[in-house]
Amino acid sequence: MTKKPVTPPARDRSPDADREAAAPASNRAIRAAERRTAIVDAAMEEFIARGFAATRLDDIAKRAGVAKGTIYLHFKDKESMFEELVRTVIVPVVEKLNALPLPAGSVRDLVEAFAGSFLKEVIGTRRGDLVRLIVAEGPRFPSVADFYYREVVSRGIAGMRALIELGIARGEIREKDLARYPQILVAPAMIAVIWQSLFERHAPLDAQDMLRVHLDLIFGERSTT
């Protein structure tokens, strides 16, 4: 008996996939990359607007201008799409910290420069919206929170601890126990992200100035002479 050809599942086939299969390899790669980017961008907007639980792949596909089946060519499910979003949007910001060279000047200068840059890239941006989403929905979706911890939080803590230990070794930081709690060093950033979404309309917060006061408490006030 002649076996009938196996038909791929409907979700794995789409007009986009059929067109890509007929195009030259180089064009297919470019179009696939463009569609993947469009999907990730659309996913960010949907996640932020609706929350992780309420976001549907149909809505992401509609916003991205692709068939739903095209999403499955790039991502196996909504969770893997969210993970890609974190890798694309948040992880590069944290990686800058771990790529910093040893400071020729003070450790405070390096911390202030990085933290200031972090505030500019997160506060008032889609990155900040994404962080707030994780804070709000992480307890309901432990796997999402676990992924964010591995990819973002643990790297940030390691980088902060290394700077704190360097500051202690150089005599810039007197409180040695701070190395046990590097979260304290980045507390203003988290406070600013949460404050902006909840209380900004009541009491606008100057995140940069709050950072300066915070660093004064850790390193001591800067000399004015």
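This is a predicted model: local features need pLDDT of at least 70, side-chain atom pairs count only at pLDDT 80 or more; totals for chains, interfaces and linings use all residues.

Visitor: How many aromatic pairs does the structure hold?

Guide: There are 6 aromatic pairs here. Take Phe52 and Phe141: their centres are 4.8 Å apart with 65° between the planes, an edge-to-face pair. This one ties together distant parts of the chain, 89 residues apart. Phe52 is in the loop between α2 and α3, while Phe141 is in the loop between α8 and α9.

Visitor: Is Phe52 buried or exposed?

Guide: The cut-off for buried is under 20% relative accessible area. Phe52 comes out at 7%, so Phe52 is buried. Ring pairs also join Phe52 with Phe47, Phe82 and Phe141 in a cluster, and Lys78 sits over the face of Phe52, 4.9 Å from the ring centre.

Visitor: Which residue has a side chain with a polar atom 2.8 Å from the backbone nitrogen of Phe52?

Guide: That's Glu137, a residue of helix α8. Glu137 has a relative accessible area of 12%, so Glu137 is buried. Beyond its neighbours within four places in sequence, Glu137 touches Gly51, Phe52 and Ala53.

Visitor: Back to Phe199, then: what kind of aromatic pair do Trp195 and Phe199 form?

Guide: Edge-to-face, at 5.0 Å centre to centre and 65° between the planes. Both residues lie in helix α10, 4 residues apart, or about one turn of the helix. Trp195 has 28% relative accessibility, so Trp195 counts as partly exposed.

Conventions: Residues are numbered from 1 along each chain as its sequence is written. Side-chain values use heavy atoms; hydrogens and water are left out. Helices (H or I, at least four residues) and strands (E, at least two) are DSSP runs, numbered from the N terminus. Buried means under 20% relative accessible area, exposed over 50%, partly exposed in between (1.4 Å probe, protein chains only). A polar contact is a pair of N or O atoms within 3.5 Å; within protein, one must be able to donate a hydrogen and the other to accept it, and residues adjacent in sequence count only if both atoms are side-chain atoms. Contact means heavy atoms within 4.5 Å. Rings of Phe, Tyr and Trp (its six-membered ring) pair if their centres lie within 6.5 Å; planes under 30 degrees apart count as stacked, over 60 as edge-to-face and the rest as tilted. A charge sits over a ring if NZ of Lys or CZ of Arg is within 6 Å of the ring centre and within 35 degrees of the ring normal.
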